[in-house]
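User: Hi! I am new to protein structures and would like to learn how to read one. Could you walk me through this example?

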Amino acid sequence: MSSVRLAHVGVLAAAVSLAFTAALSPAQAQGSGFGPLPPHNPYAGPDGTATMHGDTGSSDATPLPGPGAGPLTSKRIALQSACPTILVGADGYPVALCTPILTRVPTVHLLDPGTGASLASLPIAKGSLLGGVYAYLDHEDRLVVVDGNRNLLRIAHRKKADGGWELYVERTLSLASAVPEGDSVTGLAPDWQGRVWFATGGGVVGTANESTGLVRSLALPADERVDNSISTSPEGTAVATSHATYLLTAGRDGAPAVSWRRTYDRGAARRPGQLSWGTGSTPTFFGPTTGTDYVTIVDNASPTVNLLVYRTDTGAQVCSTPVLAAGGSGSENSPIGVGRSVFVASTYGYPYPAVPEGAGESVPASADFTGGLSRVDVRADGSGCDLTWDTTVRSAAVPRLSTADGLIHTVVRGSLLPGSDGTSLLDPYYYAGIDPDTGAIVRRHYLGASSLYDTLQMVGSIAPGGVVYQGTITGVVRIAEK
């Protein structure tokens, strides 16, 4: 949700049966050979599973391998909820932040790592549609999230005397002094000093120091919204608004300050398959030297969107490269970034059942979901970027690259009518492995058909042991080798 920010839906369905798997080549099984991931944040959980986008740099890459090359099995865990955030701590227990279809009250689930079943749940105060979707796991396996009452929560889990499990709020800090009433936090991440950075839909960026209770904030220009999450690196915090990309830093007192700001082409209106007018990207840090040499987003230019890459230290633009020309040119998803390579998935025309209030009408009003996936490489000397390949893969989730097995992992949406780009409530869904060198699908496994399996451009997390937990609009699908 790119990011993946939808938290309520309506569904109905039926199912059909079919299965297909294909083995990986030895070259793919040996790994991708890409450059470094962003450095580990000491205040976040394990790299690859600590945030919706893998790490606090939002690389959408992981050092963990996906399922092995043998036959796969998948199981749907029905939670009657949309589950856009599934994270895994150092203890191996998945934690999912979901929103029930009926009540729309955000609910945290602790999942059984062996089966995916919910071991315990905890509702938190309801906020806006986009509030309470982004969260992260800290270095003590606690879920850090802001609830609808503007409280920063750290939610831990423990085993009870009777052998069962419970989730509980271990710590809370009010952000009401910085977050205006009626506004809500849309993104948050820790920095390298242990402060929690946050951004609100209304364009407030702030830091919270739980040791001192001090909350400091900065209001961005009045017409700028933040509709995606934020990313942190040792150099600073990246925020993409509806008009510009920022790198911010904080003084010793935690007060945010703008290091650089770069505007982008936001287009004439929201595109179909996007949830806001402007970029759909959570900013992605990546790079061949430090893992955070660059920061990137996708703009909303018409008729073809561009991948924008900036130097993290100065904000100097490295390139503006057209992407997704082969398919639908528009993206609600955060790019994958690792080494010198960036991968962008199209969401143009994806049939979201609802969009946030105030998102505005899309132009055109609707479109087919043709799909699209592009790879762009930054030149070795940093002088620009080149489009390496451009395909029409119909990714229905935020893709994730494994540097361990050398594959891009995602879910692709099929069509009830073969060869059609139209969508229906009975479409089939497949887990897929994609070769990052060519963009070709090299592995598929049938998950199921109908809206019950709609992954709604949500993120799948690869857990230790090669298990994939993929959020859907009705719960979670667990995918593993048989």
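Analyst: Happy to! Let's begin with a term: a residue is called buried when its relative accessible area is under 20%. Keep in mind that this is a predicted model.

User: What share of the 482 residues of the protein count as buried?

Analyst: Here, 62% of the 482 residues count as buried. As for the surface, the protein exposes about 16200 Å², and carbon and sulfur atoms supply 52% of that area. The C-alpha trace spans about 60 × 55 × 45 Å along its principal axes.

User: How many helices and strands does the protein have?

Analyst: There is 1 helix, and there are 34 strands.

User: How do strands come together in a sheet?

Analyst: In general, strands of a sheet pair through backbone hydrogen bonds, and they can run parallel or antiparallel.

User: Which way do E28 and E29 run, parallel or antiparallel?

Analyst: They run antiparallel, with 3 bridges joining E28 (residues 400-402) to E29 (residues 407-413).

User: How far apart are the mean positions of the positive and negative charges?

Analyst: The mean positions of the 32 positive and 40 negative charges lie 3 Å apart.

Definitions and conventions: Residues are numbered from 1 along each chain as its sequence is written. This is a predicted model: local features need pLDDT of at least 70, side-chain atom pairs count only at pLDDT 80 or more; totals for chains, interfaces and linings use all residues. Side-chain values use heavy atoms; hydrogens and water are left out. Two strands pair if DSSP finds at least two bridges between them. Helices (H or I, at least four residues) and strands (E, at least two) are DSSP runs, numbered from the N terminus. Buried means under 20% relative accessible area, exposed over 50%, partly exposed in between (1.4 Å probe, protein chains only). Accessible areas come from the Shrake-Rupley method with a 1.4 Å probe; for residues, only the protein chains shown count as cover. Lys and Arg count as positive and Asp and Glu as negative; His and the chain ends are not counted. The place of a charge is taken as NZ of Lys, CZ of Arg, CG of Asp or CD of Glu.
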